[in-house]
Amino acid sequence: MLIVAWETTSACNLKCNYCRARATAEPDPDELGTKEALALIDEVASLKPLLILSGGEPLLRPDIFLLARHAVSKGLRVSLATNGTLLTPEVVDKIVSSGVSRVSISLDGSTPEDHDAVRGMGCYLLAMRGIENLRGRVDFQINFTITKRNAKDLLPIFDLANSLGAKALHFFFLVPTGRGAEEDLISPEMQEELLRLIDLERSRRTIEVQVTCAPQFARIARPGSGRRSGGCLAGTSFVFISRRGEVYPCGYLPMLAGNVREQRFREIWENSIVFKALRERKLKGKCGECSYRTACGGCRARAFAKNGDYLESDSTCNYEVA
């Protein structure tokens with residue numbers, strides 16, 4: 001299934017340390033307006049994707065529930081990505097009535113100390129209250145971005161997600177874009193160790209587990225689990241649309257493929273040179289020589305961040321190519 005992540009706004013009530021969007025207190029004045037947003041939904045609907053409404057903080061966009069309802073009316077499965085602090089009972093009522101099928105909540109640690117160190121004092125408690133308001137009403141998942149700061153928290157976050165009743169736990173490996181800094185990256189050796197631990201733990205638990213921005217998981221994951229095991233999805237089954245209508249392979253890879261204000265989305269998706277190159281996978285360096293080139297392909301965003309070339313090798317992989 002195609003996944004379309006749409007950055008509906010840059011506005012956010014928080015200022016997180018590694019924010020990809022460099023979110024601000026106020027919305028970008030050049031964000032897609034309601035009419036443009038509805039037209040975009042109509043355009044992507046023909047591809048029947050999973051539509052993720054993200055930000056910034058999407059709950060700060062005044063028409064967000066109008067957009068969600070419209071997408072659901074077009075037959076789309078809609079997910080809402082939030083920091084969880086604004087999930088009051090009244091907001092959850094609106095989420096339910098709009099037809100959103102899942103809410104993802106970002107946590108940066110299993111304790112208030114770790115989470116609040118990234119997002120601000122009191123954010124953990126507010127997110128927990130938001131999750132409590134969701135429970136039994138809307139499916140939710142936990143998104144956990146792995147950095148040097150919180151890598152130690154991997155097993156506790158598994159336990160927390162289970163205890164909260166989350167439907168899924170998605171691990172994101174930091175890409176140094178936006179406010180994310182290269183010094184926050186874990187080492188290739190630690191990435192390998194954590195991916196093996198994630199694979200072991202998901203075999204022991206019933207919660208749905210996914211890994212993003214570490215496509216090496218495709219090499220490590222045990223076969224037969226029935227769950228997606230990795231591989232870089234950017235430009236193949238994942239696409240990112242910015243608040244201004246710019247289309248990118250993913251939110252961490254700033255290779256512009258087009259703009260929905262100038263071209264139809266489907267034309268960009270099917271004909272962009274950037275997307276075609278990613279699908280052909282004519283990769284360079286070690287990634288191009290690797291036997292896992294098709295299954296994994298390395299993280300194209302990290303290759304770009306390190307080398308300025310999205311087809312170069314992923315420096316966060318320590319696999320030795322024979």
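**From a buried arginine to a cavity**

Modeller: At a relative accessibility of 15%, R281 counts as buried; buried means under 20% relative accessible area, exposed means over 50%, and partly exposed is in between, using a 1.4 Å probe and protein chains only. Before we go on, please keep in mind that this is a predicted model, in which local features need pLDDT of at least 70, side-chain atom pairs count only at pLDDT 80 or more, and totals for chains, interfaces and linings use all residues. Residues are numbered from 1 along each chain as its sequence is written, and side-chain values use heavy atoms, with hydrogens and water left out.

R281 sits in the loop between α10 (273-280) and α11. Helices here are DSSP runs of H or I with at least four residues, strands are runs of E with at least two, and both are numbered from the N terminus. The backbone of R281 has a phi near 55°, a positive value in a residue other than glycine. Most residues other than glycine have a negative phi, and most peptide bonds are trans.

Now follow R281 to one of its partners, C296. Contact means heavy atoms within 4.5 Å. Setting aside neighbours within four places in sequence, C296 is in contact with P215, Q216, A218, G231, C232 and R281. C296 lies in the loop between α11 and α12, and its relative accessibility of 8% is why it counts as buried.

Beyond its neighbours within four places in sequence, C290 is in contact with Y319 and V321. Its C-alpha atom is 8.6 Å from that of E320, a residue 30 places away along the chain.

What lies nearest the centre of the largest cavity? Of the 13 residues lining that cavity, C287, C290, C296, C317 and Y319 lie nearest its centre. A cavity is a set of points on a 1 Å grid over the protein atoms alone where a 1.4 Å probe fits but cannot get out, and its lining residues have an atom within 4 Å of a point. The volume of the largest cavity is about 120 Å³, where grid points are joined across faces, edges and corners, and volume is the space filled by probe spheres set on the points. A search of the whole structure finds four cavities of 30 Å³ or more.

The lining of the largest cavity has seven nonpolar, three polar and three charged residues. In this scheme Ala, Val, Leu, Ile, Met, Phe, Trp, Tyr, Cys and Pro are nonpolar, Asp, Glu, Lys and Arg are charged, and the others, Gly among them, are polar.

K48 has one of about 50° although it is not a glycine. K48 lies in the loop between α1 and β2, but it is partly exposed, with a relative accessible area of 48%.

The buried residues of α1 are A37, L40, I41, E43, V44 and A45. They pack against β1 (3-7), β2 (50-54), α2 (64-73), β8 (238-241) and α9 (265-271).

S54 is buried, because its relative accessible area is 12%. Apart from neighbours within four places in sequence, S54 is in contact with W6, E7, T8, T9 and A81.

Further along, the peptide bond from G55 to G56 is cis, with omega near 20°. G56 is in the loop between β2 and α2 and, at 22% relative accessibility, counts as partly exposed. G56 and A11 are 45 residues apart in sequence, yet their C-alpha atoms are 5.1 Å apart in space.

Technical notes:
1 Å grid on protein atoms, 1.4 Å probe; cavity = no way out; pocket = protein on both sides within 12 Å on 5 of 7 lines; lining within 4 Å.
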